[in-house]
Amino acid sequence: MKIIENAENLSESRGGALVPTMGALHEGHGTLIRAAAASGRPVLVSIFVNPTQFGPNEDFARYPRTLDADLKIAEAAGASAVFIPTVESIYPGGLANAATLAAQFSLPAIATAPLLEDAIRPTHFGGVCLVVSRLFDLCEPSLAFFGEKDFQQLRVITQIVSENLSRWNSLQIIPCATIREADGLAMSSRNRYLDPAQRTSALGISRALQSVANCSSVAAGEKLMRDTLDQHGLETQYAVIRSEKTLCAVESGAKSARALIAAKLGEIRLIDNASVGITTMNG
Ligand code: AMP
């Protein structure tokens, strides 16, 4: 497996399958890499803790950095190369120039209208769009793999790619299902911050989602999720059932939707989501 630090050495990876990550790899990332390898294309895993997608009071400085372990996971899962870009190669002219680069995108409605991650992390999707667009420009993949774990992010990226198909040469975004621990907790690089009591409380999130796998109405499902989160001592930021398509209000008569949760345990913030079947649509 090659380790590429200089973007000029990416030529062999062009046209391949890209798996963008921020490192601190776990089995969720491993599954993305294996899915990418199954495409038969060379797999390029990028590892870059992107400063512009963290807000000023978020955990950029303490985000876990575990490069040696990451390289082993990436190689075992079938990566052909790992790209570890410098800040300068992602943000030519430095971070001070990032705002100018960001101006090239007007964020799609899915990044601003749902009032989910976009409301709680107002600068987040601007930073995400910036880094993935630079990675797509530099790596020129034909496929890029993203997890449903970050559902709004997946939808934002799918949208910006569909709006820029000629720029990215018909790049296809491939979604991958959320990988969970045996007890249901969605795998996340941030799970390692949880102490044993918080690890138990965190189960409230997947339980809340399971409790609404089928529900009679949006309002009843949202209340059930909030109650479950409360019972587990989680601080709910949002626990909502939304349209799969827009992530805004569920369309009248819809039979399925998406439940999305963000909740905190102390300073640790966790997100998760799952699909919901709705038996009666009465809001
Ligand atoms: P991150 O390193 O957290 O930015 O994640 C990199 C990619 O891995 C993103 O596309 C995430 O959605 C995906 N990912 C993270 N956790 C999981 C998981 N538990 N299951 C599936 N994909 C995941």
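Analyst: A charge sits over a ring if NZ of Lys or CZ of Arg is within 6 Å of the ring centre and within 35 degrees of the ring normal. Here the charged end of arginine 62 lies over the ring of tyrosine 193, at 4.3 Å from its centre, and that of arginine 65 lies over the ring of phenylalanine 60, 5.0 Å from its centre. This is a predicted model, in which local features need pLDDT of at least 70 and side-chain atom pairs count only at pLDDT 80 or more, while totals for chains, interfaces and linings use all residues. Residues are numbered from 1 along each chain as its sequence is written, and side-chain values use heavy atoms, with hydrogens and water left out.

User: How many aromatic pairs does a search of the whole structure find?

Analyst: Rings of Phe, Tyr and Trp (its six-membered ring) pair if their centres lie within 6.5 Å, and planes under 30 degrees apart count as stacked, over 60 as edge-to-face and the rest as tilted. The search finds 5 such pairs. Phenylalanine 48 and tyrosine 91 have ring centres 6.4 Å apart and planes at 45°, so their pair is tilted. Ring pairs also join Phe54, Phe60 and Tyr63 into a cluster.

User: Are phenylalanine 48 and tyrosine 91 buried or exposed?

Analyst: Buried means under 20% relative accessible area, exposed over 50%, and partly exposed in between (1.4 Å probe, protein chains only). Phenylalanine 48 is buried at 7%, and tyrosine 91 is buried at 0%.

User: What is the geometry of the pair formed by phenylalanine 136 and phenylalanine 146?

Analyst: Their ring centres are 6.4 Å apart with planes at 85°, so the pair is edge-to-face. Both phenylalanine 136 and phenylalanine 146 are buried.
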